[in-house]
Amino acid sequence: MDALGKLKRLAPDTRYEPAEEVGPTGSRAPSPACRASQKDLEGAIHYAAAPGGRRVPLLKTLVTSACERDCYYCPFRAGRDYSRVTFKPDELAKLCDQLYRRGAIEGVFLSSGIAGGGVRTQSQLIDTAEILRDRYAFKGYIHLKIMPGAEYDQIVRTMQLADRVSVNLEAPTTASLARLAPHKLLVEELIQPLLGVEKIRRTMGGKPGTWTNPYRSGPSQTTQFVVGPGGETDRDLLRTTAYLRRKAGLARAYFSAFNPVTDTPLEDLPAESPVRERRLYQSDFLLRDYGFGVDELVFDNEGNLPHDEDPKIVWARHNLTHAPVEINRADRHDLLRIPGIGPVGVERILRARRLGQLLELSSLRQLGVLADRAAPFILLNGQRPTHQLRFW
Ligand code: SF4
């Protein structure tokens, strides 16, 4: 089978590996020429968000879909009746370079099953990226996985070659990981490498020539959780994410709602609700961009987020209904807590206030604020604004 054939064989199953995807709307779409160059690559191309709202096409694939581990949720698990595909590093690097030159992709996301141990598998990933960077002078974006068991020097080399690295935590606690992947070690194989990446970044910092990517402080790093079958709570997921953001400089956590795969031990479990995935992302943005702490969020008795409403609105109902925020005097921190007002809206309100008082919802609308969402939780010069109550 040629390299393109292998890529097509792998494509349907790479959807289980979220990699900085963005949806089809809300961002600038790829050009028709780019689309045309992606002919025959259905399923292998995914889109990442780039500054300015651009969608960057990435080739997402595995060096091998053979794996000696037996994670319960995974289509590539050892022993599953599944036709495996393996690329040689030079074969995969050549394919990536060809797709890059014809304009079909702007970067690659390379992962792998574990074949012959984590050290050997990491070597295959490094070899592929080295050939791309050195032989083909590839200037595109590279996201590389760090395998469980990879050695320190391999992590350093991986970081030198990549714009982004990732270690998939899969679950936020030892108990939940045991229900998903009983042979993975949460701390030793997964959390330690994430912390190690941050330590290497800090140690090597901005030394000239350290990184082949343009970010002087080294590549960013992400992780992924499989949400649902591990019995983890949303509070567990968000606490672990917040810890890693603090300690490991985590750029993003991906929450992947579980979908059962046939012929795996979890095949009879129901799929996880995509609404749960959405609430987790919304909450994580509150932690990352809005200054919320995990324990401020509203969870149910089991430690899960309510599904029926946006977590910022739930928080506001509990905290602002009887203590509305005065738009004309509140500081940045308090303004950010109001539903319907984001970081951009806050800056616009602060600028507008220098010119005069904001007295009407229509003035907020003109600033791009979702004024009707904010209305139940604000005061405008001491007055509650009149607004249409929501019917339930
Ligand atoms: S190690 Fe990765 S590829 Fe292998 S079974 Fe587990 S999740 Fe799947």
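Ala137 sits in the loop between α4 (118-135) and β4. Helices here are DSSP runs of H or I with at least four residues, strands are runs of E with at least two, and both are numbered from the N terminus. The model is predicted: local features need pLDDT of at least 70, side-chain atom pairs count only at pLDDT 80 or more, and totals for chains, interfaces and linings use all residues. Residues are numbered from 1 along each chain as its sequence is written, and side-chain values use heavy atoms, leaving out hydrogens and water.

**Positive phi angles**
- Most residues other than glycine have a negative phi.
- Ala137 has a positive phi, near 50°.
- Ala137 is partly exposed, because its relative accessibility is 42%; buried means under 20% relative accessible area, exposed over 50%, and partly exposed in between (1.4 Å probe, protein chains only).
- Asn381 also has a positive phi, near 55°.
- Asn381 lies in the segment after β9 (378-379).
- With a relative accessible area of 36%, Asn381 is partly exposed.

**Glu151**
- Glu151 is in the loop between β4 (141-145) and α5 (152-161).
- Its relative accessible area is 45%, so Glu151 counts as partly exposed.
- Glu151 and Glu198 are 47 residues apart in sequence, and their C-alpha atoms are 15 Å apart in space.

**Around the ligand**
- Cys67, Arg69, Cys71, Tyr73, Cys74, Arg77, Gly113, Ile114 and Lys184 surround the ligand; a residue is near a molecule or strand if one of its heavy atoms lies within 4 Å of it.
- This shell has five nonpolar residues, one polar and three charged.
- Ala, Val, Leu, Ile, Met, Phe, Trp, Tyr, Cys and Pro count as nonpolar, Asp, Glu, Lys and Arg as charged, and the others, Gly among them, as polar.

**Helices α1 and α3**
- The axes of α1 (residues 3-10) and α3 (residues 89-101) come within 10 Å and cross at roughly 85°.
- The two helices, α1 and α3, are therefore roughly perpendicular (65 to 115 degrees; under 35 is roughly parallel, over 145 roughly antiparallel, the rest oblique).
- Ala3, Leu4, Lys6 and Leu7 of α1 meet Glu91, Leu95 and Leu99 of α3; contact means heavy atoms within 4.5 Å.
- Five residues of this contact are nonpolar, none polar and two charged.

**Helix α10**
- Pro311, Lys312, Ile313, Val314, Trp315 and Ala316 are buried in α10 (residues 311-319).
- Their cover includes α9 (274-289), α11 (332-336) and α14 (371-374).
- Asp310 caps the N-terminal end of α10, with a side-chain oxygen 2.7 Å from the backbone nitrogen of Lys312.

Methods
Axes fitted to C-alpha atoms, helices over the stretch in contact; angles between N-to-C directions. Polar contact = N/O pair within 3.5 Å; in protein donor to acceptor, adjacent residues only side chain to side chain.
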